Amino acid sequence: MEFNSASFLFAFLPLLLIVYHLIPGTRGKNACLICASLLFYAFGDLRYLPLLLGSVILHYAAGLLLMRPVRGKRVILAVCVTLDVASLLIFKLSGVLPLGVSFFTFQAISYVVDVYRDCENGSRSFFEVLQYITFFPQIVSGPLMKFSEIRPYFTCRTATAAQTASGLRRFTVGLAKKLLLSSAAAGLASAVFSLAPGTLDIRAAWLGAVCYSLQLYFDFSGYSDMAVGLGRLFGFALPENFRYPYCASSVTDFWRRWHISLSAWFRDYLYIPLGGNRKGKLRTVCNKLVVFFATGLWHGASLNFILWGLWHGAFSAFETCTGAAKKLQKRWYGHVYALLVAVLGFVIFRASSAAQTGQMFAAMFTGFRLTYESGAIFTHLIGAKELALLLLGCVLCTPVAPKLQLALTKRGIYEPASLFLTLALFALCVLAMASGSFQPFIYAQF
């Protein structure tokens, strides 16, 4: 079940909200959310529900052992994390990926590592660990959270009318990002990347690279917006996962803005344990390359993901050696540089092979011989609607929305304006669902 499916929007979510608010007490509401989360996962991939429950039992048991004053805690942690990493590698290499396996496994790893570091980070309640790992708004594609961050909500939370309104607005914005903006860019990106070698020219190559960058950003940030919105409906404050990454001034800054929760996970559980930046510049560079290699491998075991990770690792290492990240702050060419690295990196990410990556790069910088096949994309696939959505997407990659919200708030018309916009966006999304083909979230495959 996807957030952008009719079954979720018009059956699962409304029924859950009704039942949730009818049940008294936080414990009853927690039980309701646990059942809903397991049902949500079962609808998405029933075959792997035992795997999810097995992961919960394993990490709960490991947490109990790590909370006791016994010897061999490091061995317990090592065995548990080794099982996690080995299972992830097996799934990645086999190409058979259970729904959300990368995300719920990383949350589970963070749980046992944090308990190992401080037993106060653990819980003796199986149901708290179960709710943490299976919470349906974030189980498929995050954002990732530490147990200590979400635990307070298990005992005390409220979902006020203002929070509910804010959650519905945020959810609808994410839905519109996915169904309107990401989908518009997806068709053009697919058309470009499906062109035969020799038929790609500079126009189509740049169009495809930019469109895929827009598709991926609005797909994934749209999911994150929907997850944050859903969390608010039930009284949970999930963390922000994107902060206008295409406005970054360096690659270092880009990774402070893109998939923030994953970057924080690798920082806390890999980069810092490796030594971080505390053991000299050479060691820092090596640590960053290891982290970005692991980031690429987390997305998949294929060569394009690994190259994409090392691509960002190389530029991050360059900035570490030269101090370029600080020098580029508030420089216009820093933004151009970071955006170019990101767009070219997503070409590597999207390409089906290293050969196609090379063909795309060659066309982007030397493809001055215009071809009929590339021109046909502009002639037949880009109409007024597509052009308007692409331009709107480019504008919304900048922080224009918060500025508009602030201006409307100062004039005292934000609430009615946001209500009208939310209803209009939802209506457009329903029309898009009725007229278009279903497109799953990109990060659901990871």
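**Close-up 1. Packing of helix H10 against helix H11 in the predicted model.** In this predicted model, helix H10, which covers residues 161-193, and helix H11, which covers residues 202-233, have axes that come within 7 Å of each other and cross at roughly 160°. Because of that angle, H10 counts as roughly antiparallel to H11, the cut-off for this description being over 145 degrees. Among the residues that form the contact of H10 with H11, 23 are nonpolar, eleven are polar and six are charged. The crossing in which H10 passes H11 is left-handed.

**Close-up 2. The loop that contains Tyr244.** Tyr244 is placed in the loop that runs between H11 and helix H12, the latter made of residues 251-257. Its phi is near 50°, which is a positive value in a residue other than glycine. Most residues other than glycine have a negative phi.

**Close-up 3. The cis peptide bond from Gly142 to Pro143.** The peptide bond that leads from Gly142 to Pro143 is cis, and its omega is near 5°. Pro143 belongs to the loop between helix H7, residues 136-139, and helix H8, residues 147-150. Most peptide bonds are trans.

**Close-up 4. A nonpolar surface patch that includes Ile18.**

Terms used: Residues numbered from 1 in each chain as written. Predicted model: local features only at pLDDT ≥ 70, side-chain atom pairs only at ≥ 80, totals over all residues. Heavy atoms only, no water. Patch = residues over 30% accessible without salt bridge, like charges linked within 9 Å, V, L, I, M, F, W, Y side chains within 5 Å. Areas by Shrake-Rupley, 256 points an atom, 1.4 Å probe, with all protein chains shown as cover. Salt bridge = Lys/Arg side-chain N within 4 Å of Asp/Glu carboxyl O. Axes fitted to C-alpha atoms, helices over the stretch in contact; angles between N-to-C directions. Helix = DSSP H or I, 4+ residues; strand = E, 2+ residues; numbered from the N terminus. Parallel < 35°, antiparallel > 145°, perpendicular 65-115°, else oblique. Left-handed = near helix turned anticlockwise from the far one by under 90°. Nonpolar A, V, L, I, M, F, W, Y, C, P; charged D, E, K, R; others polar.
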